[in-house]
Amino acid sequence: QLREWKEEKVRVKVWTRALDQIRGYAIGFVAAFDKHWNLALTDVDEQFQRRRTRNTWCPDRKLKRKYLPSDLPIEYKVGTSTIRIVRIKGKFEVCVRHVPQVLLRGEHVVMVAKAP
């Protein structure tokens, strides 16, 4: 069915894993895949959570204080994509970004479904 979605240019939702939990998901078009579930996606919207650090890294190489919920949303640019921190949940922060292309390694893919 993944082959059909690739040929029909259907958006898919791919859940990715962290060490012991779901890291987030990516929604995009399948450009290529293989038997190991390595996926090349295009026009990708990604939402993921990462652990909050004591100090936050900024592109201008300065460390700033830890962000508070009142500071949200926060945007900064890394390469060609803009990362937005949209929510803080305890020790984790939820980030959203859009990237033109991404390669997901098969060992990090949990589930693939047609996007709503």
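Visitor: Is R23 buried, exposed or partly exposed?
Guide: R23 counts as partly exposed, because its relative accessibility is 33%, and the cut-offs are under 20% for buried and over 50% for exposed. This is a predicted model.

Visitor: Which strand is R23 in?
Guide: R23 lies in strand β2.

Visitor: And what is R23 in contact with, leaving aside neighbours within four places in sequence?
Guide: R23 is in contact with T16, R17, A18, E46, F48 and Q49.

Visitor: Which side chains make polar contacts with the E46 side chain?
Guide: There is one with the side chain of R23, at 3.4 Å, and one with the side chain of R97, at 2.6 Å.

Visitor: What else does E46 touch?
Guide: Not counting residues up to four places away in sequence, E46 touches R23, Y25, A26, C95, V96 and R97.

Visitor: How is β3 paired with β2?
Guide: β2 and β3 run antiparallel and are joined by 8 bridges. One of the bridge pairs is F29 with T42 in β3. The two strands form a hairpin with 5 residues between them, and W37 in that turn has a positive phi of about 70 degrees.

Visitor: How many bridges join β3 to β8?
Guide: There are 12, and the strands run antiparallel, with β8 covering residues 92-104. Across that pairing, D45 stands opposite H98 and F48 stands opposite C95.

Visitor: Which way does β7 pair with β8?
Guide: β7, residues 81-89, pairs with β8 in the antiparallel sense over 6 bridges. R84 stands opposite V96 in β8. These strands form a hairpin with 2 residues between them, and G90 in the turn has a positive phi of about 60 degrees.

Visitor: Different topic. How many helices and strands does the chain have?
Guide: The chain has 1 helix and 9 strands. In sequence order the pattern is α-β-β-β-β-β-β-β-β-β.

Visitor: What share of the contacts is between residues 24 or more positions apart?
Guide: Such pairs make up 50% of the contacts that have a separation of 6 or more.

Visitor: How much of the chain is buried?
Guide: Of the 116 residues, 32% are buried. The accessible surface is about 7900 Å², and carbon and sulfur atoms hold 52% of that surface.

Visitor: Which residues touch the most other members of the largest nonpolar core?
Guide: V12, V14, L39, L41 and V112 do, in a core of 14 residues. At least two core residues come from each of α1 (2-7), β1, β2, β3, β8 and β9 (109-114). β3 gives the largest share, 3 residues.

Visitor: Is there a second core, or what does F48 belong to?
Guide: F48 belongs to a second, separate core of 6 residues, which also includes I74, I83 and I85.

Visitor: And L39, what is L39 in contact with?
Guide: Leaving aside neighbours within four places in sequence, L39 is in contact with L2, V14, A32, F33, V102, L103, L104, V109 and V112.

Visitor: Last one. Where is confidence lowest, and where is it highest?
Guide: Strand β5, residues 63-64, is lowest at a mean pLDDT of 55, and β1 is highest at 96. Over the chain the mean pLDDT is 86, with 88% of residues at 70 or more.

Visitor: What should one make of places where pLDDT is low?
Guide: The predicted coordinates should not be read in detail there.

Conventions: Residues numbered from 1 in each chain as written. Predicted model: local features only at pLDDT ≥ 70, side-chain atom pairs only at ≥ 80, totals over all residues. Heavy atoms only, no water. Pairing = 2+ DSSP bridges. Helix = DSSP H or I, 4+ residues; strand = E, 2+ residues; numbered from the N terminus. Buried < 20%, exposed > 50% of the residue type's maximum accessible area, 1.4 Å probe, protein only. Contact = heavy atoms within 4.5 Å. Areas by Shrake-Rupley, 256 points an atom, 1.4 Å probe, with all protein chains shown as cover. pLDDT = per-residue confidence, 0-100. Core = buried A, V, L, I, M, F, W, Y, C linked by side-chain atoms within 4.5 Å. Polar contact = N/O pair within 3.5 Å; in protein donor to acceptor, adjacent residues only side chain to side chain.
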